[in-house]
Amino acid sequence: MSGPSPFATWWATYALATGVVSVGLDSAGYEVLSRITLALACTAWLVAATGLAQRAHGEWRAEMAAALTTVATTAVLGTGFSATGPQPLAEALLALAMLLWAALLGVQATGRRGTVFLRCVATQGLAVLGATLAAADAVAWLAHAALVLFWLGLALYCLALFRFQPRQVEEGRGDHWLAAGALALSSLAGAKLLSADSAHLYLWNEENTDSLRTTTVTLLVLALIACVALFLAELFWPRHQYDVRRWSTVFAAVVTAAAALAVADALDAPWLGVAGEALLWVAVAAWVGCTAWALASARARRSRIRSRARR
């Protein structure tokens, strides 16, 4: 069996990080920038999906990371489209993501790297979209289904944490940041569930609301702590070479900022919104920097290939 395709992995993780950038920019009120990044994410999603479709026959285990990332991206794109207005398209993306998620959830994957958290990421992506659509369409059952996915995602995170190799913090090439990104996406899902409740759509009683609020805030705090710890680890053990897995690092940074903005909105905490917007621009800078790094790496690789060909 062949190994995973760097092509599909790059486009899948780029699409996920860019899609979350779009969601974060929309939450902060930058609609034009949000639409531009959403278009970029859609293009990358199509390329990744095409690449996976060409290699999917009998190779799901080899492509599990890219496939699960594509599931999460599909849900994130649905969240972005829901914010722009076309709910039927967002609903179609939710249905597609659910089908892919159900097909992949039982496939066993190998390895102990940061990709072990991708099942949690995919599940919480569905919870985010489900809660978003429940609020937009005033559908209670969809919010309750998203709540089930939210708790399932947390269970999957705990299982992944036991499989995750701690040495990845020192040796990982970027995907170890998914340990923080999955926490932040879980917090984003919790915030969306809290925001979905209203007087018209009564979802949670006081006890459930308190439990969900406490869990959501705790997840955000843990995500911030994890990001700080992983950033310090990067300073102690710098990794200078570009790797496609660096987009997982960008995803973790962006989704933490998006989660802070969503929690600020759900809890009506303006000070957290200011902090979330500051984090968002730091994350956008990381997204721009990683894009430039990827282009420079591709250019250098092309130059090496040409020089070898001349010899």
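Ground rules come before the details. Residues are numbered from 1 along each chain as its sequence is written, and side-chain values use heavy atoms, with hydrogens and water left out. Because the model is predicted, local features need pLDDT of at least 70 and side-chain atom pairs count only at pLDDT 80 or more, while totals for chains, interfaces and linings use all residues.

Let me start with a helix pair. Helices here are DSSP runs of H or I, at least four residues, numbered from the N terminus. Take helix 4, residues 87-105, and helix 6, residues 140-163. Their axes come within 15 Å and cross at roughly 35°. Those axes are lines fitted to C-alpha atoms over the stretch in contact, and the angle, on a scale from 0 to 180 degrees, is taken between N-to-C directions. The crossing is left-handed: that is, the near helix is turned anticlockwise from the far one by less than a right angle.

Who makes the contact, meaning heavy atoms within 4.5 Å? Helix 4 brings L94, M98, W101 and L105. Helix 6 brings L142, L149, L152 and L156. By class, that is 8 nonpolar, no polar and no charged residues. Nonpolar covers Ala, Val, Leu, Ile, Met, Phe, Trp, Tyr, Cys and Pro; charged covers Asp, Glu, Lys and Arg; the others, Gly among them, are polar.

Now the rings. Rings of Phe, Tyr and Trp (its six-membered ring) pair if their centres lie within 6.5 Å; planes under 30 degrees apart are stacked, over 60 edge-to-face, and the rest tilted. The count comes to 12 aromatic pairs. One of them is W11 with Y14. Its centres are 6.2 Å apart, with 85° between the planes, so by the cut-offs the pair is edge-to-face. Both residues sit in helix 1, residues 6-27, 3 residues apart, about one turn of the helix. An α-helix has 3.6 residues a turn, so residues three or four places apart point the same way.

Buried or exposed? For relative accessible area, buried means under 20%, exposed over 50%, and partly exposed in between, with a 1.4 Å probe and protein chains only. W11 is partly exposed at 25%. Y14 is buried at 9%.

Compare a second pair, F117 and Y157. Its centres are 4.9 Å apart and the planes stand at 35°, so this pair is tilted. F117 lies in the loop between helix 4 and helix 5, and Y157 in helix 6, so the pair ties together parts 40 residues apart in sequence. F117 is buried at 0% relative accessibility. Y157 is buried too, at 10%. There is also an aromatic cluster, formed by W10, W11, Y14, W247 and W287.

On to helix 5. It has 20 residues and reaches 28 Å from its first C-alpha to its last, close to the expected 28 Å. That expectation is 1.5 Å times one less than the number of residues. Of its 20 residues, 17 are buried. Just after helix 5, A138 takes a positive phi of about 55°.

Last stop, helix 2, residues 31-55, where we find T37. T37 is buried at 7%. Leaving out residues up to four places away in sequence, T37 touches T18, V21, S22 and L25. Its C-alpha is 9.9 Å from that of A17, 20 residues away along the chain. S34 is in helix 2 as well. S34 is buried at 2%. Beyond its neighbours within four places, S34 contacts S22, L25 and D26.

How values were computed. Helix = DSSP H or I, 4+ residues; strand = E, 2+ residues; numbered from the N terminus. Contact = heavy atoms within 4.5 Å.
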